[in-house]
Amino acid sequence: MIKRRAFLAGALGAVASGAIARATNAADHPLSGAFAELPGVKLWFTDSGGTGVPLILLHANTGTSAVWENQVESFSRAGYRIIAFDRRGWGKSMPNPATGPQPGTIAGDLDALAEHLKLDKFHLLGVAGGGFAALDYAAWRPEKLRSLVIAASTGQMADKEIADFIARLEIPGLRKLPAVYREVGPSYRGANPDGTKRWIEIDEHARQAEAPDQSLRTPNTFAKIETIPTPTLILAADADLLAPPSLMRTWAAHMKNHEWAVVTDAGHAIAWEQPEIFNAKVLEFIQRH
């Protein structure tokens, strides 16, 4: 355990020192939240500020931008400008039919926000359902991305091979259980009652009543993701009931420019359950791009 902590501390320290040498530390700026008036939506986002390279975070189908509290602190201290937003129909973001079509797409809202903030190129990280949208965006706007990180995600691949895989692995009745049992691993639930309570609180106030799903711009397929040129880190969680490593490896094999890593003792809520390990792996990757 001591060796593990020493390794993580060293990894985080090395990455942070390199990033801070390139940019003003965004942690010196208070985290601010605001609404962006975009086509079809009044989008709530947070921005750590600073002059660091931007990193945009896409939350899962559960939760809101609030789930990134551990990542915002760690990544901003490493010198990056951290931006996260509540998806349309989640959290504080409100659809606005008067200004644009509904329900829109996550990729479309992301692109509009990047334009609103006048971002040039940025890193993009998506977990679970956020990973679906991140792949969709990367295939559409690769010129905007420095790097891509996809974690704990099926990728929402339309290919039959993935559908058949999911049908074989899914536990009967799993989708009818409360989200915390589907997504938060047993080790975390057993050892971290306060953290589990906070995760549930965020999820309970996440999706707005009757909010429609935002479809992808185009279906994610093996052929589609094969076109993504962006350097990509794919992170799996070894106790993930929804997107286990073997499933993720199946679609990851079609990514031309990717690295692979597994976070141990974590479920589908990978970034929430193991923030130190997750953050260290992400930072080590994005500082090279």
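By class, the lining of the second largest cavity consists of five nonpolar, three polar and three charged residues, where Ala, Val, Leu, Ile, Met, Phe, Trp, Tyr, Cys and Pro count as nonpolar, Asp, Glu, Lys and Arg as charged, and the others, Gly among them, as polar. The model in your viewer is predicted, so that local features need pLDDT of at least 70 and side-chain atom pairs count only at pLDDT 80 or more, while totals for chains, interfaces and linings use all residues. Residues are numbered from 1 along each chain as its sequence is written, and side-chain values use heavy atoms, with hydrogens and water left out.

To see this second largest cavity, select Tyr-181, Arg-182, Glu-183, Val-184, Gly-185, Pro-186, Arg-189, Ala-239, Leu-241, Gly-267 and His-268, which line a volume of about 40 Å³. A cavity here is a set of points, on a 1 Å grid over the protein atoms alone, where a 1.4 Å probe fits but cannot get out, and lining residues have an atom within 4 Å of a point; the volume is the space filled by probe spheres set on the points, which are joined across faces, edges and corners. Helix α6 (179-183) gives the most to this lining, with three residues, helices (H or I, at least four residues) and strands (E, at least two) being DSSP runs numbered from the N terminus.

Next, select Ala-60, Val-67, Val-127, Trp-199 and Ala-269, which of the 15 residues lining the largest cavity lie nearest its centre. That cavity holds about 150 Å³ of space, and the largest share of its lining, three residues, comes from helix α11 (residues 270-273).

Now turn to Arg-141 and Asp-111, which form a salt bridge with their closest N and O atoms 3.3 Å apart, a salt bridge being a side-chain nitrogen of Lys or Arg within 4 Å of a carboxyl oxygen of Asp or Glu. This pair links distant parts of the chain, since Arg-141 sits in the loop between α4 (129-140) and β7 (145-151) and Asp-111 in helix α3 (residues 106-116), 30 residues apart. Asp-111 is buried, with a relative accessible area of 14%, whereas Arg-141, at 25%, counts as partly exposed; buried means under 20%, exposed over 50%, and partly exposed in between (1.4 Å probe, protein chains only).

Definitions and conventions
1 Å grid on protein atoms, 1.4 Å probe; cavity = no way out; pocket = protein on both sides within 12 Å on 5 of 7 lines; lining within 4 Å.
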